[in-house]
Amino acid sequence: MSIGLILGSSRTKSNSRKLADILIKGTAHKILDITELSLTDFEDFRHEPIPASLDESTQILLDFLLEHDVIVIAAPIYWFGIPGKLKVLLDRLSHVFRQPAFINQKPREAIILAVGGDRPRIKGLPLILQFHQIFDFLGIPFQHYVLAEGNKPGDVRFDQKALAEVAWLRSYLQKGENDEGHI
């Protein structure tokens, strides 16, 4: 089983990264960090008579999704939703889901880790609903997410509920690594 972690924060030492590091500790994984991508605004060419070629970021996203069984997205909650740069990357799914390779081979599961500073278990629900719709549309099962609290850098380490949920998810993923039929 292969785990792909998409880091959706513009901060390199973010609370969402710290939570993700706890989740993936001891697992085989690869990371796609949005801070390392040169993302430009997405241009939607799906109604053009000739299919557009995939830009570099779209190809990177497609290859990353094809490479992994489980996709984990770790991001801060910005204004009750997905951070802007992550949204610019995810807009490229409009081209990704039409690719024959993706239609025939897509991740078997998606997991979201989201961190916010003020009542994130309530204010993060719009973000979770948006991801639910995204993954439902793509045909990728989405059953697990963690909404954690952390305002200042490192604060997420004090959210005992989120840490317990991540510990359970880590054991769930490690069980899946040992038994391919679980995930």
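User: Hi! Quick one to start: is Asn 104 buried or exposed?

Analyst: Asn 104 counts as exposed, because its relative accessibility is 67%. The cut-offs are under 20% relative accessible area for buried, over 50% for exposed and in between for partly exposed, using a 1.4 Å probe and protein chains only. Bear in mind that this is a predicted model: local features need pLDDT of at least 70, side-chain atom pairs count only at pLDDT 80 or more, and totals for chains, interfaces and linings use all residues. Residues are numbered from 1 along each chain as its sequence is written, and side-chain values use heavy atoms, leaving out hydrogens and water.

User: Thanks! Where does Asn 104 sit, then, and what does its side chain reach?

Analyst: Asn 104 is in helix α5. Helices here are DSSP runs of H or I with at least four residues, strands are runs of E with at least two, and both are numbered from the N terminus. The side chain of Asn 104 reaches the backbone oxygen of Pro 100 at 3.1 Å. That is a polar contact, meaning a pair of N or O atoms within 3.5 Å; within protein, one must be able to donate a hydrogen and the other to accept it, and residues adjacent in sequence count only if both atoms are side-chain atoms.

User: Let's switch to α2. How many residues has it, and what span does it reach?

Analyst: Helix α2 covers residues 56-67, which is 12 residues, and it reaches 16 Å from first C-alpha to last, close to the 16 Å expected at 1.5 Å a residue. The expected span is 1.5 Å times one less than the number of residues. At the start of α2, a side-chain oxygen of Asp 55 comes to within 3.2 Å of the backbone nitrogen of Ser 57.

User: Which α2 residues are buried, and what covers them?

Analyst: The buried ones are Ser 57, Thr 58, Leu 61, Leu 62, Phe 64, Leu 65 and Leu 66. In an α-helix there are 3.6 residues a turn, so residues three or four places apart point the same way. The cover over the buried residues of α2 includes strands β1 (3-7), β2 (29-33) and β3 (70-76), plus helices α3 (84-90), α4 (93-96) and α5 (100-104).

User: And Gln 59, how exposed is that one?

Analyst: Gln 59, also in α2, counts as partly exposed because its relative accessibility is 31%.

User: Which residues is Arg 92 in contact with?

Analyst: Leaving aside neighbours within four places in sequence, the contacts of Arg 92 are Leu 39, Thr 40, Asp 41, Phe 42, Asp 55, Ser 57, Thr 58 and Leu 61. Contact here means heavy atoms within 4.5 Å.

User: What lines the largest cavity?

Analyst: Its lining includes Leu 61, Leu 65, Ile 73 and Phe 135. Elements giving two or more residues are α2, β3 and α7 (125-138), and α7 gives the most, with three. The lining divides into 12 nonpolar, no polar and no charged residues. Ala, Val, Leu, Ile, Met, Phe, Trp, Tyr, Cys and Pro count as nonpolar, Asp, Glu, Lys and Arg as charged, and the others, Gly among them, as polar.

User: How does the lining of the second largest cavity divide?

Analyst: That one has two nonpolar, four polar and three charged residues, with Arg 11, Arg 17 and Asp 33 among them. About 40 Å³ of space lies in it.

User: Last one: how much space is in the largest pocket?

Analyst: About 220 Å³. The pocket is lined by 13 residues, with Leu 90, Asp 91, Leu 93, Ser 94 and Ile 134 nearest its centre. The largest share of that lining, four residues, comes from α7.

Terms used. 1 Å grid on protein atoms, 1.4 Å probe; cavity = no way out; pocket = protein on both sides within 12 Å on 5 of 7 lines; lining within 4 Å. Points joined across faces, edges and corners; volume = space filled by probe spheres on them.
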